[in-house]
Amino acid sequence: MAGSGYATASRKRILEFLKTNSDRTVTAADIDAYLRKTDSEVNITTIYRYLDKLAKEGTVIKYVAEKGGKAVYQYVEQGHHCDEHLHLKCVKCGCIIHLDCAFMDEISEHIEKDHGFALQCKNSILYGTCRKCLGCEEGEKG
């Protein structure tokens, strides 16, 4: 039975890492590196299995990778309704912004009415540069 306690402790550490980094996406490799630093090594397959379980439960969002890339995961609070809005990801710092505002209704309505297309928001990301990183760029220019 000692094995189940180990798994529970590892799962707690994985969930802690995801919560601590909820403002950005992480990879299974990020989690693996964190666990190694905290002397909690877990087989990478076990990490993927747990991430898939959390994704099915709705505790994390799994973003499918661009061609050749790895899937990334983000912890979300329960009731966040991420299926109903798009996400913005900064290509510089990796932060994720939930586009959970009235604009989503406007854009969904526009796309359906004018383009005959029903928008599926689940796991959808728009890429760009966040306000903080844009500010850093402005500082570099000046």
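Okay, housekeeping. It's a predicted model, so local features need pLDDT of at least 70 and side-chain atom pairs count only at pLDDT 80 or more, while totals for chains, interfaces and linings use all residues. Residues are numbered from 1 along each chain as its sequence is written, and side-chain values use heavy atoms, with hydrogens and water left out.

Confidence next. pLDDT is the predictor's confidence in each residue, from 0 to 100. The chain averages 83, and 85% of the residues score at least 70. Helix H2 (residues 28-37) comes out highest at 94, and helix H5 (residues 131-141) lowest, with a mean of 76. Helices here are DSSP runs (H or I, at least four residues) and strands are E runs of at least two, numbered from the N terminus.

On to H3, residues 44-57. Which residues of H3 are buried? Ile47, Tyr50, Leu51 and Leu54, where buried means under 20% relative accessible area, exposed over 50%, and partly exposed in between (1.4 Å probe, protein chains only). They cover an arc of only 100° around the axis, so they sit on the same side of H3; the arc is that of the directions from the helix axis to the C-beta atoms. The face turned away from that buried side carries exposed Arg49 and Lys56. Just after H3, Gly58 takes a positive phi of about 90°.

Now the cores. A nonpolar core is a set of buried Ala, Val, Leu, Ile, Met, Phe, Trp, Tyr and Cys residues joined through side-chain atoms within 4.5 Å. The largest has 16 residues, and those with the most contacts inside it include Ile14, Ile31 and Leu51. H1, H2, H3 and strand S2 (72-75) each supply at least two residues of this core, and H3 gives the most, with four. Apart from this core lies another, of seven residues, among them Tyr63 and Ile96.

Last stop: Phe17, in helix H1 (residues 2-20). Phe17 is buried, at 10% relative accessible area. Beyond four places in sequence, its contacts are Arg24, Val26, Asp30, Ile31 and Tyr34.

How values were computed:
Contact means heavy atoms within 4.5 Å.
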